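Please consult the sequence and the model while working through each solution.

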Amino acid sequence: MKYINIGGKLNASAIILGCMRMGGIGDERVDSIMDACLENGINFFDHADIYGGGSAETAFGGYLKRHADVRDKIIIQTKCAIHDGQYDFSKEHILKSVDGSLSRLGVEYVDVLLLHRPDTLMEPEEVAEAFDYLEESGKVGAFGVSNHSAFQIELLKTAVKQDIKINQMQLS
């Protein structure tokens with residue numbers, strides 16, 4: 001298996017298993033899929049809080065409970081920011097989504113959190129505050145986006161950098 005370094009922190013398999021359809025297939029099938037992935041060097045698993053209404057994360061979490069030695073060998077990525085057919089980058093929703101994912105997965109942290117789709121009404125500062133809290137609390141190791149344009153990414157990066165500067169000034 002070829003591996004890719006992500007952000008200087010994660011050594012991720014070049015193949016990622018998308019877990020969208022994992023909910024409802026039964027423990028035996030989940031175990032078979034996961035065992036095959038791990039035997040072939042796949043260590044990166046992609047989720048979203050909305051996949052199967054959360055059942056995909058629950059099924060994956062069941063595997064982790066049955067195989068306690070696996071968590072430290074894999075990379076878990078999940079996505080948030082969609083609910084009730086709308087996009088929501090509010091701090092409140094991001095924090096609630098992550099807590100829900102952690103609970104369903106049965107883990108204390110996810111390695112990567114992505115904002116699933118752009119929210120045109122976002123407040124970048126709220127996103128930055130949510131990310132700061134999630135990182136400081138150890139709930140999320142790294143952050144990213146999915147389905148965003150270069151402009152939307154730059155807007156978020158600027159807000160996060162600005163928030164870091166403000167927080168550093170408050171500490172001085």
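**Exercise 1.** Determine in which strand Thr78 is found, and whether Thr78 is buried or exposed.

*Solution.* Thr78 belongs to strand 5, which covers residues 75-80; helices (H or I, at least four residues) and strands (E, at least two) are DSSP runs, numbered from the N terminus. The model is a predicted one, in which local features need pLDDT of at least 70 and side-chain atom pairs count only at pLDDT 80 or more, while totals for chains, interfaces and linings use all residues. Residues are numbered from 1 along each chain as its sequence is written, and side-chain values use heavy atoms, with hydrogens and water left out. The relative accessible area of Thr78 is 1%, so this residue is buried (under 20% relative accessible area; exposed is over 50% and partly exposed lies in between, with a 1.4 Å probe and protein chains only). Leaving aside residues up to four places away in sequence, Thr78 touches several others, among them His47, Asp49, Glu57, Ser101 and Val112; contact means heavy atoms within 4.5 Å.

**Exercise 2.** State in which order the five strands form the open sheet, and which strands stand at the edges.

*Solution.* The order is 3-4-5-8-9, with parallel pairing; two strands pair if DSSP finds at least two bridges between them. Strand 3 (16-18) and strand 9 (140-145) stand at the edges: each has a single partner strand, so one side of each lacks a neighbour in the sheet. From one strand to the next, the twist averages 25°. Strand 3 pairs with strand 4 (residues 44-46) in the parallel sense over three bridges, and Leu17 has Phe45 in strand 4 as its bridge partner.

**Exercise 3.** Describe how helix 2 and helix 3 are placed relative to each other, and which residues meet.

*Solution.* The axes of helix 2 (residues 55-66) and helix 3 come within 7 Å and cross at roughly 45°. Axes are lines fitted to C-alpha atoms, for helices over the stretch in contact, and angles run from 0 to 180 degrees between N-to-C directions. The two helices are therefore oblique to each other, since angles under 35 degrees count as roughly parallel, over 145 as roughly antiparallel, 65 to 115 as roughly perpendicular and the rest as oblique. On the helix 2 side, Glu57, Thr58, Phe60, Gly61 and Leu64 meet Ser101, Arg104 and Leu105 of helix 3.
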